[in-house]
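Biologist: Please show me the model, and I will ask what stands behind the words used for it.
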Amino acid sequence: MHATAGAMIDLWQCDAFGLYSDIPSQGSRGRRFLRGYQNTDQAGTARFTTILPGWYTGRTLHIHVKIRTTGTNGRPYEFTSQLYFTPEFGAAYLRTDPYRRKGPADTTNNRDSIYRNGGSQMLLRPQQSGTGYVADFAIGLDLSNTQVGRPD
């Protein structure tokens, strides 16, 4: 992922069965998995190694991302979004173990309420690499807009 130098990138996602770590209502209180952060290097790059996410009712396949840095006005800047997968890619890996035990996702990108609000701009296109996949994604930020909650 490419952003600005020295930014903190948080990534989190659910496991193959749609569970997030440290969520009491899901029975994962105190357990830490599939959550991490890195600071970008001088080139603005961070590299994460993770598994493909599972799904849960009402949501398409996605990975959460948050970028924290400093705006051009010196104030804290925060960007939060989600990364998505093409329907073909998602359907293919959901047919493999351990994902296939849960079955195909019940929500497509186009039916996901969050994806419909700009998700097509956050679409990953993973490529096969050995026994896994790689995806490179660059995010452009308007660092002059430091008001949290306002669209960038």
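Modeller: Arginine 125 lies in the loop between β5 (123–124) and β6 (127–129); helices (H or I, at least four residues) and strands (E, at least two) are DSSP runs, numbered from the N terminus. This is a predicted model, where local features need pLDDT of at least 70, side-chain atom pairs count only at pLDDT 80 or more, and totals for chains, interfaces and linings use all residues. Residues are numbered from 1 along each chain as its sequence is written, and side-chain values use heavy atoms, with hydrogens and water left out.

Biologist: Why is arginine 125 called exposed?

Modeller: Its relative accessible area is 55%. Buried means under 20%, exposed over 50%, and partly exposed in between (1.4 Å probe, protein chains only), so arginine 125 is exposed.

Biologist: What makes phenylalanine 85 and tyrosine 93 an edge-to-face pair?

Modeller: Rings of Phe, Tyr and Trp (its six-membered ring) pair if their centres lie within 6.5 Å; planes under 30 degrees apart count as stacked, over 60 as edge-to-face and the rest as tilted. Here the centres are 6.1 Å apart and the planes are at 75°, so the pair is edge-to-face. Both residues are buried.
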